Amino acid sequence: CPPDRLVLQVPARALLEGDTVTLRCRGWRDNKVTEVSFYHEGQELGRLPDGTELSLSPLELHHSGRYRCKGRLGWWEWKESAPVTVTVQGEHPTATT
């Protein structure tokens, strides 16, 4: 992994409708990232001047898709993370006996 890389972190657990999920945009080896933008299927979801987390709540099926983040490392260098696929599953399954 090159040291100037951004990583978009998404929880590995199954994501269900109604849950809350937090996406984190991090610099490799915790390099400081500023001015983070989050994208879903190419659409900008918002730019955070000093935050690196985006919460999706409550999750809905249309939140599924490819996400990535873009941020500034150091003073001027903009980097982009690799895309991460988020899959939201339907209603909490009922327990079967």
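The chain contains zero helices and ten strands, and from the N terminus on its elements run β-β-β-β-β-β-β-β-β-β. The structure is a predicted model. The mean pLDDT of the chain is 88, with 90% of the residues reaching 70 or more. Among the elements, the lowest mean pLDDT, 90, belongs to β8, and the highest, 96, to strand β10 (residues 88–89). Of the 97 residues of the chain, 29% count as buried. Among contacts with a separation of 6 or more, 58% are made by residues 24 or more positions apart.

Strands β1, β3 and β6 form an open sheet of three strands, in the order β1-β3-β6 and with antiparallel pairing. The edges of this sheet are β1 and β6; each has a single partner strand, so one side of each is left without a neighbour in the sheet. From one strand to the next, the twist averages 15°. The pairing of β3 with β6 is antiparallel and extends over four bridges. Within this pairing, Val21 has Leu56 of β6 as its bridge partner.

Two hairpins were examined in more detail. In one, β4 and strand β5 (residues 43–48) run antiparallel and are joined by five bridges. Val36 stands opposite Leu48 of β5. Two residues lie between the strands of this hairpin, in which Glu41 adopts a positive phi near 50°. In the other, β7 pairs with strand β8 (residues 77–80) in the antiparallel sense over four bridges. Lys70 has Glu80 of β8 as its bridge partner. The hairpin of β7 and β8 has three residues between the strands, and here Gly74 takes a positive phi near 70°.

In soluble globular proteins, nonpolar side chains tend to be buried together. The largest nonpolar core of the model comprises 17 residues, and those with the most contacts inside this core are Leu23, Phe38, Leu56 and Cys69. Two or more residues each come from β1, β3 (21–27), β4 (33–40), β6 (53–56) and β7 (65–73). Leu56, one of the core residues with the most contacts, is also the bridge partner of Val21. For Cys69, contacts beyond the neighbours within four places in sequence include the nonpolar residues Leu6, Leu8, Cys25, Val36 and Phe38. Cys69 is also in contact with Ser37, Lys79, Glu80 and Ser81. Among these, Glu80 is the residue paired with Lys70 through a bridge.

His40 lies in strand β4. With a relative accessibility of 14%, His40 counts as buried, because this value falls under the 20% cut-off. The side chain of His40 reaches the backbone oxygen of Ser64 at 2.8 Å. Leaving aside neighbours within four places in sequence, the residues in contact with His40 are Leu45, His62, His63, Ser64, Gly65, Arg66 and Tyr67. One of these, Gly65, is 25 residues from His40 in sequence, and the two are 6.8 Å apart in space, C-alpha to C-alpha.

Arg13 is located in the loop between β1 (6–9) and β2 (15–16). With a relative accessible area of 42%, Arg13 is partly exposed, because this value lies between the 20% and 50% limits. Beyond the neighbours within four places in sequence, Arg13 is in contact with Asp19 and Thr20. In the case of Thr20, the backbone oxygen lies 3.2 Å from a polar atom of the Arg13 side chain.

Methods:
Residues numbered from 1 in each chain as written. Predicted model: local features only at pLDDT ≥ 70, side-chain atom pairs only at ≥ 80, totals over all residues. Heavy atoms only, no water. Buried < 20%, exposed > 50% of the residue type's maximum accessible area, 1.4 Å probe, protein only. Contact = heavy atoms within 4.5 Å. Polar contact = N/O pair within 3.5 Å; in protein donor to acceptor, adjacent residues only side chain to side chain. Core = buried A, V, L, I, M, F, W, Y, C linked by side-chain atoms within 4.5 Å. Pairing = 2+ DSSP bridges. pLDDT = per-residue confidence, 0-100. Axes fitted to C-alpha atoms, helices over the stretch in contact; angles between N-to-C directions.
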